[in-house]
Amino acid sequence: MGGALGSGLLVIVIFGSSALTANVSGGTVVQPGHTYLQAGVAEALGTALLLFTIMALAVDARAPTGWAGLVIGLVVACEIMVIGPISNGSVNPARTFGPYAATTIFGGHTPWQEFWLYWVGPVIGAVVAEAYVFVAHPQPSTPPPGRTPEAE
């Protein structure tokens, strides 16, 4: 969470006090016209899709090598484009906490009453993503040459 707080503080340092009123210093808020339920479901879905992708491409040994970073980045970009207009696309409680804390430190208005959904949505999404283990039966990655699990 320290990195997220540092990022929120950096936004305020760069943009000044106008950042405090411009969407919570880069933070996440439920957008007008959307409910907490819609934002929570969007956050859960975004987190689940991201974790499915990570498990399929970075954890499962059957995945083609060299594509994980690109595809994971594209998934993040696409989900932010889709859920951003609803919840600002956090999919990470720390990503919401940092700007909220930075805004609070500098006296800006922070919608802490919405903070819970940026925890609940991703946690539900992470639990749903565990289905990957039961559906795909991933093969564990092998350690790099010269490294054994016993040595760690």
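1. Thr110 is placed in the loop between α6 and α7 (117-129); helices here are DSSP runs of H or I with at least four residues, strands are runs of E with at least two, and both are numbered from the N terminus. Thr110 counts as buried, at 9% relative accessibility, where buried means under 20% relative accessible area, exposed over 50% and partly exposed in between, with a 1.4 Å probe and protein chains only. The side chain of Thr110 reaches the backbone oxygen of Tyr100 at 3.5 Å. A polar contact is a pair of N or O atoms within 3.5 Å; within protein, one must be able to donate a hydrogen and the other to accept it, and residues adjacent in sequence count only if both atoms are side-chain atoms. With neighbours within four places in sequence left aside, Thr110 is in contact with Val24, Tyr100, Thr103 and Thr104, contact meaning heavy atoms within 4.5 Å.

2. On the basis of the note: this is a predicted model, in which local features need pLDDT of at least 70 and side-chain atom pairs count only at pLDDT 80 or more, whereas totals for chains, interfaces and linings use all residues. Residues are numbered from 1 along each chain as its sequence is written, and side-chain values use heavy atoms, with hydrogens and water left out.

3. As to overall architecture, the chain has eight helices and zero strands, and its pattern along the sequence reads α-α-α-α-α-α-α-α. Taken along the principal axes, the C-alpha atoms fill a box of roughly 50 × 35 × 25 Å. Of the 152 residues, 36% count as buried. Among contacts between residues at least 6 apart in sequence, 74% join residues at least 24 apart.

4. Helix α6 (residues 93-105) packs against helix α1 (residues 2-15): their axes come within 7 Å and cross at roughly 45°. Axes are lines fitted to C-alpha atoms, for helices over the stretch in contact, and angles run from 0 to 180 degrees between N-to-C directions. The two helices, α1 and α6, are therefore oblique to each other; angles under 35 degrees count as roughly parallel, over 145 as roughly antiparallel, 65 to 115 as roughly perpendicular and the rest as oblique. On the α1 side the contact is made by Ala4, Leu5, Gly8, Leu9 and Ile12, and on the α6 side by Ala94, Arg95, Gly98, Pro99, Ala101, Ala102, Thr103 and Ile105. These residues divide into nine nonpolar, three polar and one charged. Here Ala, Val, Leu, Ile, Met, Phe, Trp, Tyr, Cys and Pro count as nonpolar, Asp, Glu, Lys and Arg as charged, and the others, Gly among them, as polar.

5. The contact of α6 with α7 has another geometry to record: the axes come within 9 Å and cross at roughly 165°. That angle makes α6 roughly antiparallel to α7. Pro93, Thr96 and Tyr100 in α6 meet Tyr118, Trp119 and Pro122 in α7. The contact residues divide into five nonpolar, one polar and no charged. Tyr100 in α6, which takes part in this contact, also supplies the backbone oxygen reached by the side chain of Thr110.

6. Asn88 lies in the loop between α5 (68-87) and α6, and is buried, with a relative accessible area of 19%. Val29 is placed in the loop between α3 (23-26) and α4 (36-59), and is also buried, at 15%. A polar atom of the Asn88 side chain lies 3.2 Å from the backbone nitrogen of Val29. Val29 and Gly107, 78 residues apart in sequence, are 17 Å apart in space, C-alpha to C-alpha.

7. Two backbone angles deserve a comment. Val91 has phi near 45°, a positive value in a residue other than glycine. Val91 lies in the loop between α5 and α6 and is buried, with a relative accessible area of 13%. For His137, phi is likewise near 45°, a positive value in a residue other than glycine. His137 is found in the segment after α8 (131-136) and counts as exposed at 52% relative accessibility.

8. Finally, Val82 lies in helix α5 and counts as exposed, at 59% relative accessibility. The C-alpha atoms of Val82 and Ala42 are separated by 8.7 Å, with the two residues 40 apart along the chain.
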